[in-house]
Structure formats: structure tokens, C-alpha cells
Amino acid sequence: MPTLDIEKIKKDVIDSQLWRSVFRGGVWKDTPRDRSAHIIGNVWLHLHPVKVRPRALSWLYTWGMGGISFVLYLLLTLTGVALMFYYRPTVGLAYRDIKDLEFAITLGKLLRNSHRWAAQAMVVSVIAHMVSVFLRGGYKKPREFNWSIGVLLLTLTLFLSFTGYLLPWDQLAIWAVTVGTNMAGATPFLGNEGPFGGVMGMHINNDVRFTLLGGTMVGENTLLRFYVLHCVAVPLVVGILLILHFWRIRKDSFSAAPYQANEEKVDVWPHLVKREYIGAAGTTLFILVWSILMNAPLESVANPNVTPNPSKAPWYFVGLQELLVYFDPWIAGVLLPGLIIVGLMAIPYIDTNPKGVGTYAWKDRKFANTMFLLGIAMWFILIYIGYACRGPNYAFYPPWQSWFILKAAPPPTWNVFGPLAGTTPFTIGMAFQIISAKMTALPAGVVPNLFPMWLGIPLIGGLFGASMLLPKLIQKELDGKLVLGGFLGAVALVAGIAAALGKVGPVSGAFMLFFGGLAFYFGFILPQRYIRTLDWPRYLVTMGLVVCTMAILLKMCCRLTFNIKYVLTIPAISLNI
Amino acid sequence: MSEPANNPAPTPPAAAPAPAPAAKPAAAVSRGDFLWMGWSALAAFFAASAAAGARFMFPNVIYEPSQKFNAGSAKGYDIGVSTKWLNEQRLWIIRNPTGFYALWARCTHLGCTPNWWGDQNRFKCPCHGSNYTIEGDVIAGPAPRPLWRAKVELSPLGDLIVDKSVLEDMPGKRELKPFFVDYVSA
């Protein structure tokens, strides 16, 4: 009986012309040469370096989130292409095709679930990647540009998720997208409902929202546009940016930390590639199990006339939706997202602290870490409030409270500078109308300005400017505890007097202390302590971002405590702050 | 300047097709000017392409439903807010003691459809909590302006004809024709 010589068969196969034509290199002997040849000679692996610093291998150091984001992107491409075989992007068919995927197509439900959950997971992993890179100072010179590309990739990840949200054409989809795209209509100058939109001649059928929707409402054209953006246009751009992102990681080298004396690099094959495969396998398994256990949501078919109550954005945008309660759409929907993106991209150029490069160094980077984590915390706390604590009519319901309890109607709101809310704004157009019609009195329901807006503009501008300049102008470091204590004492005194007069309740007083204290500590004491010596341009950009963040907290406080709708409103140009 | 030697002496750049100086037949366009023109043409091409691409994204014809519809006989409405057309036409017909007006059911904040709460006598938006009176004026929440009223007319047969493409929200104007139909029931 002939024996089966496995080693000989293996050798014959590897030496065959067919094998040799496909795989470069000879018999694997696991020499350092083989290991490097495996990286250099393989088109899929050649973006890696041959050797890498051992610290770049540790999960605790990298969190593995960048790699996992890329794996999720690949998974989404695969499942997405599969779904495209059964999905037709038209108003009449889209919802039915999703139903077919759920109930009639073999593995359709699993594919849709995987696509949905992988998309949600990718949003989380991309944010976690950003947090880890920030905390270990991975964006510092010479990696500033790659951080900026990363911020763009984060934005595009959210945009991909948002465009995909519409495709099932159910109530969840159409209303999230209606709200999201109406924010585009509030863009200054370019949107028909935004500041200066009317001045620029914007109408419902020629502004930036019209191009996004391909019409005046979320309809057939919108579905097709979002389909093309979601499946072709945006993934292409993401792919191009990913190539750039990876190439710069390679060129700027892994791990920014200063070299230690006896540090020796290790082979990428197998040490790094092995970890990548483990991460990919773990991620795939995680998504698979999640998709088996839990179904993607699908509500009733889209009805452009009736809004579900309550109606919410996708969870990662619910924080912005929550801010929309306190702010005019042009601020919460356009200005703040824009500031967040630009501010994130500016971080490497304003944080020139040479310490904490490539290491988690809390002590050396107190200001940067505190401010960044404050922003991240605000983003997720707002998401929690919007997602878990908002019920019918978007009223506040604690998570344990039944939605069947009817909430009292919210109290009327008012504006500080400008006409009283609850009445029709007094506009320039109306003034012309009154003059031309020779009317002697204002129309019913119109109340003239309480405080004139010309007073509000310099007052708010002055307050903003003073908050920006003050920390730098005080040369000597203040005693933080003393100043904060004094400030809180003053607020408590004011609240106490107001409470004694019956103007402010205990809850409102607590809000004043909480928001006022937060804004004062993070917006004045910390900058005064840490960045007053920064050069003027960097100082001004940093403080601009800090003061804007604090202004969000203060505006929330104004609404919660005093029912102030807008601090300043100029109806003639649709500008509300 | 590091121009090649065979170029003419620097001439005023404005005189590009200037008459040839003297001895040598100089190029009609200097190398520097030629490069400027070339790059400018390329930049102009890209700018025009971008503008054309942007224009391409604005559809010239849109196939959206007509905004005008017959809301049925005026006799069929009682005093108060009718939600009869909300599902199909996104509109409330409101009858008061002196006549009719029609409110477009689109929240002026971000375009959700508010709900009518008769017991509290107000419209409430489910998306960000804006509240409106029966007149359409904002009384709470973030909405920046009142609800829009649509053009409404009484046909010779006694039907209400509503046109949502003609809108008005200005007090003093919105209570007049064509945004209000005088109607006192017999």
C-alpha cells in the first residue's frame, strides 16, 4: 500500500507552474526575509510597513478601533451590494422590497440586519477611534493632516448612515430625513428659511434643500438621489480618503511616541497582521450574532402627511435634535455641526503642546483632554436625553415614566431682544404694508419690540468678545476654588433674591447654579489657568470654540429657567439667536 | 526673472499681440503669458464644469402632486378644527363663527406635521415640541413663525377649493381674502 507523502504533495503543488504564477516567492521558511517578502510582495498587505514598533501592537494602546472601522466598512460594502440585488429605489416599490427582504428572500432578513447593525457599529467605532487618537496625542505634528482627513471620514460615515436611513421608505425614514433636510433649508444665504435667504432670492424651489431633495418635498427624486449618494457617490469618496488616510499612517509611521533606548521593532507578519485578522473575525462574529438576535426596525410605509408622535432622528443625530429644541435650526442644524467639524479639524493646529505625543498623558494635557471630553460628554448626554427622555409631543419623560401620562402644555416663551414670542414677528415687510395701507395701528396680535434689537447686537457681541478676551487679559493665575466659589455664591444670591420675590423656583435656581457653574468653570477658570500664555491667533480660535460651547449651555439654561426663546431675533432677515 | 534666452526683452504684459519689436521675429505671446492663459483656461474649464454640475442637480420638471384640491361642501363642516384632510392633503380646515380658513399642517420649525389637541385647544408638533394656537400663532417651542394659511375659495356649487401653493402668514393679511371665506350658516 503506497503511503501518502503529504510533504511531497505540498512541495509539488507549490513548485507547479500554476501555483508559482499566482503566488510570488518560493517555499515558506519563515525567515525574516520571507516575512518581509510576504508584506512587500502582496498587493493587499503592502500598505503595511515590514516592521513595526511593539507598542503599536497593544490593544490597550490602539483600542483597535481604526481597523475595526475599516472591517465594518468592508462588511457594509459586501452586505450592501447583496441588498442592491433586490432593492428598487422608487416610492411604490422600495418599502415592498424591504418587506420582501424581511419575509420572502432567503437570508434577506439577516443581510438587512447585518447592514443596519454594522452601520450603527461603524458610527460608534469611528467615534471611539477619534477619541483614542485624541487621548494619545496621535494627531500632533507631523500627523495634523491625517487627523483632518479622519474628521472628514467621520463626517462622511455619518452622512452615509443618514442617506441609507431613507431607503427603507418607512415612517422612521421619511421623518428623520424630512427634519434633517429641512435643516439644509435653514442654511444662511443658501436656504429659503435661513438668515439672509430671502435677501438672496431663495425660494422653496431654488435653494440648497431643493437640490438635496430634487424637489420641494421628500419624494421620488429624493429617494433616488439618496440611493445614488448612498450606494455610489459617497462610498467612492470615502474609498479615496481611506487610501489617503492609510498612506499617511504608513508615511508618518505608526505610533508617535518618542523611541526608548532598547526598543526593537517586530515583524508585521505575523504579529500585526494576526491581530488584524483576529479583529476582523471578532467584528464579523459580533455583527452576525447581533443580527441573528435582533431585527432592524421597520415601521409602517412612509406617509408624507402624518408624522409619528414622537418622531426622532437616527440616534447619533438625536443630540442635535435635542439642541433644536433650544436653538433656531440655522444654529443647531447648520452652524453647530459646521463648527464641530471645523473645530475638530483645527485641533492639531491649535494644540501645539509638545508634551503627550503618542502617549496617554493626562497630567501633561489637562486642558486639551478636559475640553475634548467635555464636548464628547455633551454630545452623548444630549443623545441620551433626546433618545431616552423624550415622549409624545417631544415632552420630557424620565425613562421610567409611562408615555400615557399626559404632560401639561409647555409654558409660553419670550424673546429678550426683539418681538415677544407667541405673536407674529414684526417685520420690515409688515412696516411697508402698514405704511402703504395707511393703517393707524399695528395689526392685532403684533407686539412691538420689548428691548430694541439694536441694543441686543452690541450687547451680545460685547459679552461674547469679553468672554473670549478676559482669560488672557488677566496675567496672574487666579485661585480657581476661590473664584468659582465667589461666582456660585453670587449666582445663589441672585437666585435666592429672585426666589424670595417669587420669580424663580427651586428647580430653576438649581439649573442656574448648574449651567452657570459649568460655563464659568470650563469657559473662564480653565482657560485662564492653562491657555492665557498661548499666542494670540491660536488663543482666539481656541477661545472662540470654547465660548461657543459654553454659549450652548447658557442658552439651555435661559430656556429651562426663564423660558427665553431667543436672546435676539431679527425677523426681517430670519436671524434668531 | 529666469526666462529662456531666446525670449524677447520683458515687454509690458498687457501688450500680448504687440507688433514684433525689431530684428528677431519674436513670439506673438511670451512663454509666461502663454502659461498664464493655459492655466487660466484650465481653471475656467473646471469652474464652468463645477457650475454646470451644480446646475444639473436642479431639476427643471418635478412630478409632485397638485397643490389645489376640492375639500367638499362647506355645509359639511362644523365649527372647530377639521382633521378630515390631514392624511391626504396635510391641511386643517377651520371653521369659526364668521367663516373658513385653511392651515397647512407643516410645522414652521423643521416641517413635521403637528397634531390637533382639542382639549387643550392647541396644535403640538411631535418633533421638537412647538405649540400653536387655533389661529396658527406660536405659543411654545422653537418654531420661528406662525403656521401658513392656504388660499381657500367657495365654488359656485358651495364647495371649498383649497390651493396650498398660495400661502400667507402675516396678521392683518391672512384674515382677508383669499385666505378666508366669509360663511355664516343659514
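The conversation below covers the contact between the chains, a helix, a sheet and the domains of this predicted model.

Colleague: How many residues of chain A are in contact with chain B?
Modeller: There are 46 residues of chain A in contact with 36 residues of chain B.

Colleague: Which helices of chain A supply at least two residues each to that side?
Modeller: They are α9 (171-184), α10 (208-213) and α11 (220-252) of chain A. The largest share of the side of chain A that touches chain B comes from α9(A), with five residues.

Colleague: And how do the residues of that side divide into nonpolar, polar and charged?
Modeller: On the side of chain A that touches chain B, 24 are nonpolar, 20 are polar and two are charged.

Colleague: What is the order of strands in the open sheet of chain B?
Modeller: The four strands run β5-β6-β7-β8 in chain B, with antiparallel pairing. The edge strands, β5 (115-117) and β8 (138-140) of chain B, each pair on one side only.

Colleague: How many bridges join β6 and β7 of chain B?
Modeller: Two bridges join β6 (122-124) and β7 (131-132) of chain B. The bridge partner of B:K124 in β7(B) is B:N131.

Colleague: Finally, which domains does the assignment give for chain B?
Modeller: The assignment gives domain 1 (27-63) and domain 2 (68-182) of chain B. Taken over C-alpha atoms, the centres of domain 1 and domain 2 of chain B are 48 Å apart.

Conventions: Residues are numbered from 1 along each chain as its sequence is written. Chains are lettered from A and ligands numbered from 1 in the order in which they are written. This is a predicted model: local features need pLDDT of at least 70, side-chain atom pairs count only at pLDDT 80 or more; totals for chains, interfaces and linings use all residues. Domain bounds come from an automatic or database domain assignment. Two residues are in contact if their C-beta atoms, placed from the backbone, lie within 7 Å. Ala, Val, Leu, Ile, Met, Phe, Trp, Tyr, Cys and Pro count as nonpolar, Asp, Glu, Lys and Arg as charged, and the others, Gly among them, as polar. Two strands pair if DSSP finds at least two bridges between them.
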